Structure formats: structure tokens, C-alpha cells
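Here are my notes on this model, as numbered points. Please read them with the structure open.

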Amino acid sequence: MSNQNNAGTTVLMTGNEAAARGALEAGVRFCTSYPGSPAVEVADVLFSAKDVYGEWSTNEIIAFEAAAAASYAGLRAITVMKHNGLAVAADFLLSLNHAALKSGLVVVIGDDPSGHSSVNELDSRQFVRFAEVPLLEPSTIEEAREMTRYAFELSEQVGTFVIVRLVTRICHARGNVVLREIPDFPAVKPSIGKEERFRCRPPLHVDVHVRQEKAREIYEHSPFNSYSGPQSETVIVSSGPSVLYAREALQILGLEDKVGLLKLGASWPVPREFVLKTAGHAENIIFIEDIDPFIEQNIITVLAQFGGKRYKFFGQGSGHVKGEWGAGMGEMNPDQAVQALCNVFDLPNPLKAPAVPTPDGVLKEELPVRELTMCPGCPHRSSFWAIKTALELDGRDGFPLGDIGCYAMGARKASNFLLRSVFCMGSGAGMANGFGQLQNMGFDQPVIATVGDSTFFHACLPALVNARYNNADFTLVVLDNSTTAMTGFQPHAGTATPGKDSKSIMMIEDVTRGMGLETVVCDPHQLDDTVENLCRLLKKKGANVLIMRKPCALMNYRLEQRLFEVDSEKCLGDDCGCSRFCSRVFACPAIFFDESIGKAYINDTLCTGCGACATLCPRGAIYEKSFSGTEGKN
Amino acid sequence: MKDFKEPFNIILAGVGGQGNIVASRLLGIAATMAGFKVAVGETYGASQRGGSVMSHIRLSKKNEFGPLIPTGCADILVCFEPLEALRVAAKYAHSETTAIVNANPIYPADMLMGVGGAYPPVEEMLAELEKMLGRVLTLDAADLARRAGSPKIVNMVMISALAATGYLPFARSFFDEALEEFLSKVPAESREVNRRAMELTIKL
Amino acid sequence: MKEGCENLEELKKGSQDLKREVMDGGWCVSCGVCVEACPYIKALGDRVAVIHDCRLDDGNCYKICPRTETDYHTLSKMVHQKDEYEPVLGGHRKLYFARAAQEKFSEPAQYGGVVTALAALALSENEVDAALLTGNSPGNRPQPVLARKEEEVVAAAGSKYTVCPTVKGLYKTNDDDRVLVVGRPCQVTGLRKLQHRTEMRQGKNVELIIGLFCFFSLRYDFYDFLQDELGIDAVCGMDIPKDGDVRVLSPSGKHEVPLDKIRPLIKQGCHSCFDPTSELSDISVGSTESDPGWCTLIVRTEKGDALVQKAIAQKVIEVQPYPAEKEKQLREAVVNKKRRVLLEQHDFAPINSSYLNMDEKMRQFLKGRGENV
């Protein structure tokens, strides 16, 4: 939708789509990314645009490097990542900022306050300050489009890359955008001039500062910074979607005529003259923002240095303003904004949750929380059962390490906390290298490092080289569901990719065997075979690899809709002796124990037809149902 | 149509994987076609894996609002699952809120494992909702979905139900237009199933 | 300790008790009767483990394990349908020397080939639908085999020297299969305990049990030992004499191994075994020290007798009377084993006899070598 020209029409789009639209309206020609929630769809949209080269790079630093090259060659380029991806790309980002750029290079970072889809929350704005490059923070969906469009021009004016920082409540939220034209940009022949050099040298830090100062001058007049409301003694300073929450909070509390609102969108470098001009008059400054007191500390510094008087500051530092989890932690939302203003103005909070627990009602206790688990049909469920079985049969107190992806669910309650660690991409194999060297000191527990197929290519290769070179003792279990699932089924080097020859698929076993590591491929639904192979590998010295390969059930369900059903005559319920194995222990969310009939039951609105339960039922009481509803009992 | 409440807030609540995002997008597009300023707030990613999910939809004639609805400010709740209905009502509803609820439970993973306590009886949860809210409509959306041809389109049944009630602050024709546009991009077999779901629900 | 195992009905113990009392203590003999009875107990090679806590505190697995409370007298009553109990060799009606009379059975056998011959006969006469045996496999680690044809029985022929959780194969049979099982004494005991639990659905399709003589079995790392120490991959025969070196026969020739090297490879639970002659089977078969060509054949039940007489009549096996002198030697060997267990003489490894439920008179009789051995 965002790729069509349709200038002038008002559409509803997500912040991600809007950012992509903005890039298209600016004539972007090159887009690289590694999938990371919440910003994935920015790249998705750009990949489907004509005249734009798009690729799922193997990781974020390669993506960034490739985009920088395109920029040097004369093309406007964009790279997209989540906050963890920024950490991966950091090494390049912190050196690239030293060199002058030619064509606009924009970095879109999707932060995830409260970590809805992340293992941590990071305020990337701190990093941008660290990198000393310009930052833009959209507050609305339309700004996501407008700022991304503008960022290319800004990048060329200032001479370095620009960071557009989105958050989940922009990325995944929808709002109205009036589309602008996507111009026909003249075709540029990419080239590198004979005299061009690009490098990072320590003295170039001076240039970094020169560029920052240039950006600041531009920011002093930026339309993305604005003051609204009365010239009051109390002013709120805010950025990002918190601006809208603050505005709504003022409305709810009837304070619109009493409190001014300074919105910062071009927020780093700090447009200090603009801040002093618009908010310098105030006595009380309130800061409302997501996660870190970034704006807060910057503005406090500016006002303290240049304001010429004493102010009262109300924010995360003073304890008046809190994110979802406390001061400086978790996302901001309208409830927290209202509470913050109530704290500052000493007002009762008018927002009431309607459900006061009733002594006899269902609400007398906390409502049960839904534990996250793997989707119905997920092959990882079978893989985890195989790993658990193998480790018990091995009997030496072995343990599996985790990594990033859908299989990280294996570290949670609904998987009986099987995986012992979850950190960043590739950290499982990395840590296994350490455990794998402790044998001479008496460490005698076998170690499994689990990793997904996409994570394997992203981060594991150096870890495996290290394992081979230093002869570390562990088994890498690759949970290969043939996609990058968690972020929405993007392809990677090991899967079929639209538009690419299937011969280009890199089989993981070819890579690991090429490294000289013994590698076995198993089907996780074949429990006995998988367990036997894993037990055998665990006993061997050195590093080896077991690939548990089965495609993601959700992806498969799009191709063929199979369903499974319980034969209520063969199922013996609690008389079986299996102690409700399928629903309670294997715990596929599509299977539950129906107390009213005393048998297991499969919920057809959830079942994706993987058939794992049918292989595990000790009575053979689960069979495949043909989709039209006729029965095919075996 | 009575005076428009500014902003008008709708929440779709359910369990990850039930398709609330498709449903909220449809509603949002319909409202945009009807000339409203629309904001929709979602949670993607990990919450899909069996967690509780919500879509917040905000309609305004004047202002741009943030994508999140404050406590106690939801005017309509469309709930794909009874426990989620209670959860979302307990925080976001007010005494005039209208709720449309699918009565088919989805059991949380840890309850299935026997370590999460007991699932509250559906009738009790519905009774609690009746006490709390202005109006509660219950339906067996899974049954309707199956009759339409696929057990997986509970979401389409639910928003068709919403469109049929007339509680939306815009004409149903906008919803129909948005649905047609959505279906034009969907494989042919699914189109029929979704249309049948609409028809069956609206007949109710 | 309860008198008589009728009281087992009251016993409420589950998989965690089984794990703690039997497996963690090292008393498990990998018989396999608990394996695959439910999804929570699995075996790999000779290792049996509880994979996950089923949370049932009243579990079938505990009740059928041959190393939890076992009363041979009560089980014998069930098998023989009468109260007499022979405490040394177990209830029996005939004692023979026997050997397979047809080359197809004697050729692949290590000793007399009697087990193979009887199992094959039962199948071909359609007295059973399947025979659950311990068969050979690549790498020579034994695996359960469910044979439905004579050739499959023959392919599984030959003595095995290690444990193997063969009984797990029973849970893959159909309820309407009539099954013959060939097992070690612990496996026979486990199967009888399974049959004794009338409330359990499984095990009721076992028609006939042929029990082997067994004074001990080895762990699977015996095969690693053969590889590492002797450089051999396959064992065609093994002789474990009372004294002197063990003789191991491989395709490449004979090897002599001091008993001291074999002894540490014995499965620990075997030292606590009270039943070297499979007292609860329908037929028991063992090797004879003096002549490897002939087996000791104990006919115990009416069913067992019917099969043996048929085998004799059809010239599938030939028999000779069992000399009194040999019987005396056999009884002595058995009583010595039982006594060692009851006295818990830990010569080489720990022994635990607390699982044995028997009346005090019987216990004293066996401890004191018993009169009228």
C-alpha cells in the first residue's frame, strides 16, 4: 500500500510502513536489515518497492556496512534494526561517524520500551549521544514518515548518517498519513572516485564535533520541535509518543490552559537556543518520556548551564514521573502520564479501573496470567522433549544453553525452564566454548548450546571456528525450522528466498562439516532416533553438531491445513497411566484435558496439524482428521 | 446516532494468534474511510506465543491521540476469549461500556500443565461482566467460524458481529468497503469463507 | 516389611520413588518392564531413566519393578495355581538335558539352541503371534526384537552377556497379540508382577515365558572394554568358568581375559538377584558347565510342559534325563547365590536384599544353607 504513489490520499498505516514510505519519498535506492522486532516491517515494505535494492543481511553490522558502501557509491541508503541490532552494529557505527558521508544514510532503530518482543529494553538515544550523530524521534505516525523522508536531506547537509529512533508504539501503531509524491529520481550510476578515501582516524573526532554543531544549528529551526499551550510557569518537555500521552493527560486533568508543552523531535544534538527561548521562562519543568531520562538530563544540563536561574525539575530523577516499572524503567503510557501530573500537582487520579474485586466474584483473586509458550505445532516443543530425554538418559547432569528466537520460549515456565541461559545472538555457543574448556579442572557435565537456523548464520560461525580451533567440548543443537520465525518468517541464507535460486541455499550441515565438525541431521518428531544421536554426540570429545530440522508449523499451516483429533474411545483419560501427558506435560496449547468427558481434546481453532502428539500418545489415540471434516482414523 | 464521544475508544482483546491485528486493521481502515482521525495500538512479537494481546483503536474527529487507551476509558470491547474479556474489562471498561464476547475458552499454557490453578468457569466470568458493564453480547464464535468453513477465523466473526450491532460511530457501509478491499488481497478460497462468516454472524 | 505381597495393593509409590530407591541406588538391572509403560521412562542402551516427574504418587512402574517389594511365594502361587513353593529351584515338574535336534536351530546357537527351537516352534504352530526376544544388532549391542516369523527368531539366536531392557518391547505389541517372551530372571519376575496387577491393562497378552539361567549380566561398557582392551568388535561365545580365565570367542579367535577384569563390568543390581534360574517362568533354560552342546531344561508349568512335549514329539528338540549329581550341583550353586544375597555379603559390590518379601522361616532356611538341598 505504501509503495504506490497515491500522493494526497490519507491512509491508515503503521509507523514502520510510514518510515518506509518516507524513505521512498526521499528516493532511497538501497535497504539492508536483519529482522528485529519492532522495526522489521520497515525493511519488508522497502523490499517490495521497485528501484530499491533490498536484502536480509546475515546480521546488523554487515547490513550497516553494506548500506554505508551504497551511500559512498552515491545512492541514498537506509538500514533498519532493533535496539539489540544497534549493539551488534556498534563497532562500525562508532567508527563510521568519524568519516564524512556523501549520499544520505539513514539508520532506523526500533526501540522496544518494556521489551514486549525483546530480552531487554535499551534506550538507544543514549547511544546516539555516545556516537555524536543527529537523532530524530517521531511522536506520531505521520512524523515517522516525515522525519525519515527529511533524514536523507539532513544527512547530506550535515555529512554523516542520521538516526531515526522509533519505539514499539510508533512501529506497530497505526495512524493517518497524508501521502506525498514518490518522485522519479534520475538514475544515478554508483561509483567511487579515484581520490575518495573513507577511514576512521582519531583526530577525526574533531570533525565529528564540527558536524554535530552544524546539526545543532539546523535543529534550532526544525519544524519537528514546537511549543504549544500557554506561556505558563509549568512546562512539560517530551519526545516520542509520550508527547501525545502528555497532551491527553493535560486534557483529562483539565490542565491544557495551565501547562505548556515543549515537543522535541529533533532532539540530539539539543537545540539549546530553541529550548531556552520557548521554555526558559518557566519555573517548573516536567519531563515525560520512555525509559531513560534522556531528554530530562539533556535539558537540565542546558537550563543549568545557560538558563540563568533556578528551576524545579520534575521527572524520573525526582521520582514524580515513572515508567511502567518505575523511574527510568519500562514504557511511558497515558496512565503513567496522568499519574505523573497528579504527583506534580497533588491531584487525585480521576482514572479508575472499574473492576473492584468482589468478595464472591471471579475477580476476588488476580486473574491468571498467560504464560508464553511455543505455538501449537512448534517443532521446538518436540526438540526440547528430545533434549530433555537425552540429558536424563545421559545421566551426567548435562544442561542446554539458549539463544534468541522462538526457541527462547524454552527458558520459560511453560517449558519447565529447560534452557539455562538467554542473552544475545550467538551467546549460547559462545558460552559453550567456555564451559567446554573446564573438563581438565574436573567439570564433567555435558553441555548443549541450542541455536536457531537464522541465529546460526547471524552469530554462531565465529563461535564454531573457536570451538574447532580450541577444541571445546560441547554439542551445538541447531533448531532448524527453516525460517526466521519470531520476527515474521523472513528468509535467511539457509532457506528458500523469493527471487533467489534454490541452489544458493546454504545448508547448515555443509557449513559445519566444512569446518570439520561432525554433524548429524534429525527429525525432532522421530524421538528415538533423535535421542539416540544426541546421546552419542554428547559422549564424544570436542565440538559436534546435531541439526533438528522441521519447518515452523505456522508457516506450514499456510501451505496445507491439517488437523488432528483425539479418538475418545482409544484415549483412556486418567486410566491410561500417562498422567495427561499430551496436554499437561507435552503441553501443546491446542490440547487440553476435557474434564467433562475425562479425555484429552484438541482445539481445532488452535491445532496446526503437526502431528507430534500422534507420535507421542502411548495409546495411539490421536489421528489426522481430513480438513473437510470427514474422519481418517488410523 | 447519538453525540459522538471524543475520542471513541475500542479494544479488541484475545490470545496471541487469534488474529486481533488483522481485525483491528480492518476497523481502522473503515474508520479512516469514514473520515475519522484514527490511532491503533498493538503488541506484536513474543506476545503472540500464547500471551494476552490487545488492540486499542481510537477514533477522533478533532485530534490526534496516542495509540494507548487510558484506564477506564474503553467504550467498546470486542473479546475473542472470555478470560481476556474479564482481564481487559477489569482495567479499561466503564459503566456504559458495551462488550461483545466469544464464549470459547483458550486455556493458558501453565494451566494445561497443571501448575497454573483452575480456569474460572465461563458462566461466572460472563456474569461478572454483566455486573460491570452497560451491555454484554455473547456468542459462540468458534461454532460460527466452523460453519463458515474454517475454525481459524474467529476474529472475522467477532468484528462482523461488531459491525452488525450498529454501535460503531460510522455507517456499516464503510466496514463493508474495508472488508472488500481486504478480501481482494486474500486467496480466493479464504474470501468465500470470510464472506460466509460475515453473513452467518450478521444473521444472528 | 510386609508379609506376603497381597499388601502391595496398599503400596502407594510413584516414579520418583522408583528413581530414588532403585535407579539412583544402582539397583536397576535394566530389565525394561517399566520402560515405555508410560511416556516418562525411557531406555537408551542399557541405561533406564525417568525423564520427567509424572506427579503420580501411585505409579504402576513402582509396583512392577523386580527390585521393589517382591514376594516369590505369592507370585509362584499365581503362576502354578497352587500353594506349594520350592525355595531353591522354584516350582517345576521335569528336569532334562536338552538340545535342538535340527541344524537350523543348533547352528546359530551358542549352547544347545533349545530356546530358539522352542520359540520358533511356538510361532510356527500358531500358539503365539509374536516372540519378544533379545536380538543382535550392528555394533553388537543387543536390542529387543519382536519376531513374528521363524527366520526372525533364528536371527536373534545366541547368548547375550549384557543386560538389555527387552521387556520394553512388550508395550509395542497389540492387545490381541499372543506373545511369548524370552527373558532373564529379573525380566520374568517383572512380567509376573505385571500380570499380578490385574488392574493394569498391559502384560495380559503374554502367553508363555521362557526364562534363562542367569547368575549375573554385564553392562554395555563391556563392548567398549572388548574394543579397547582386546580390539574385538563381535563376540561369538563366552565361557565364564568357576575358576580361571574367562574365554571370549570372537570371529578372529579365542581370547583369555582374567575374571578380575570382567567382574567390575557386572551390572551392580545383579549382585542382589535372588533368582538365578527364572523360577517364575513356564520353562527355564540354562547352559551346562560340563557340555556346551546341551542345555539344562526345567519344565515348570502345564503350558510349558505342553510345548516341550510337542517339541520332543516333533523332534525339534531331543532330551536326556538329568543326573542326580548334576541336580545337586545346580541346587548348591543356586543356594549359595541366595544365601550371599540374604546375608548381604558385599564381596565385590553392594548388595541389597530388603526388596525380598519372605517369611522368616524361609529366610533362615536359605541362610543356613537349608536342609535337604
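1. Start inside chain A. A:Val80 stands opposite A:Val108 in strand E5 of chain A. The strands involved are E4 (residues 77-82) and E5(A), which run parallel and are joined by six bridges. Keep in mind throughout that this is a predicted model.

2. How many residues of strand E5 (residues 105-111) of chain A are buried? Seven of the seven are, so the strand is largely enclosed by the rest of the structure. In a regular strand, side chains alternate between the two faces of the sheet. Both faces of E5(A) are covered. On one side the buried residues are A:Leu105, A:Val107, A:Ile109 and A:Asp111. On the other they are A:Val106, A:Val108 and A:Gly110. Note that A:Asp111, too, is buried.

3. Next, the domains. Chain A is divided into domain 1 (10-219), domain 2 (226-345), domain 3 (379-495 + 505-555) and domain 4 (561-625). The C-alpha centres of domain 2 and domain 3 of chain A lie 47 Å apart.

4. A parallel sheet of chain A deserves a look. Five strands make up this open sheet, in the order E15-E16-E17-E19-E18. Its edges are strand E15 (399-401) and strand E18 (518-522) of chain A, each of which pairs on one side only. On average, neighbouring strands are turned by 25° against each other, direction ignored.

5. Details of that sheet follow. E15(A) pairs with strand E16 (residues 447-452) of chain A in the parallel sense, over three bridges. Within this pairing, A:Leu401 stands opposite A:Ala449 in E16(A). Helix H13 (residues 379-394) of chain A lies across E15, E16, strand E17 (474-480) and strand E19 (543-549) of chain A. The helix runs at about 160° to E17(A).

6. Now helix H11 (residues 294-306) of chain A. H11(A) has 13 residues. Its span from first C-alpha to last is 18 Å, close to the 18 Å expected at 1.5 Å a residue. After the helix comes A:Gly308, with a positive phi near 75°.

7. Which residues of H11(A) are buried? They are A:Phe294, A:Ile295, A:Glu296, A:Asn298, A:Ile299 and A:Leu303. An α-helix has 3.6 residues a turn, so residues three or four places apart point the same way. A:Ile295, A:Ile299 and A:Leu303 are among the buried residues. The list also holds A:Glu296 and A:Asn298.

8. What do these buried residues pack against? The helices are H5 (124-131) and H10 (272-279) of chain A. The strands are E10 (234-239), E11 (259-264), E12 (266-268) and E13 (284-288) of chain A.

9. On to the assembly. Two pairs of chains touch, and the most contacts are between chains A and B. There, 51 residues of chain A are in contact with 58 residues of chain B. Strand E1 (10-14), strand E8 (174-178), helix H9 (242-253), helix H12 (334-345) and helix H19 (581-585) of chain A each supply at least two residues of the side of chain A that touches chain B. H9(A) gives the most to that side, with four residues. By class, the side has 28 nonpolar, 13 polar and 10 charged residues.

10. E8(A) is joined by two bridges to strand E2 (residues 37-41) of chain B, and the two run antiparallel. The bridge partner of A:Gly175 in E2(B) is B:Ala39.

11. The other contact involves chain C. Here 12 residues of chain C are in contact with 15 residues of chain A. Strand E1 (41-44) and strand E2 (47-50) of chain C each supply at least two residues of the side of chain C that touches chain A. That side has seven nonpolar, two polar and three charged residues. Chains B and C do not touch, and their nearest C-alpha atoms are 10 Å apart.

12. Last, a sheet in chain C. Three strands form an open sheet in the order E8-E9-E10, with antiparallel pairing. Strand E8 (237-239) and strand E10 (253-257) of chain C are the edge strands. From one strand to the next, the twist averages 20°. E8(C) and strand E9 (residues 246-250) of chain C are joined by three bridges. In E9(C), C:Arg247 is the bridge partner of C:Asp239.

Terms used. Residues are numbered from 1 along each chain as its sequence is written. Chains are lettered from A and ligands numbered from 1 in the order in which they are written. This is a predicted model: local features need pLDDT of at least 70, side-chain atom pairs count only at pLDDT 80 or more; totals for chains, interfaces and linings use all residues. Two residues are in contact if their C-beta atoms, placed from the backbone, lie within 7 Å. Ala, Val, Leu, Ile, Met, Phe, Trp, Tyr, Cys and Pro count as nonpolar, Asp, Glu, Lys and Arg as charged, and the others, Gly among them, as polar. The expected span of a helix is 1.5 Å times one less than its number of residues. A residue is buried if 20 or more other C-beta atoms lie within 10 Å of its own, exposed if 12 or fewer, and partly exposed in between; C-beta atoms are placed from the backbone. Two strands pair if DSSP finds at least two bridges between them. Axes are lines fitted to C-alpha atoms, for helices over the stretch in contact, and angles run from 0 to 180 degrees between N-to-C directions. Domain bounds come from an automatic or database domain assignment.
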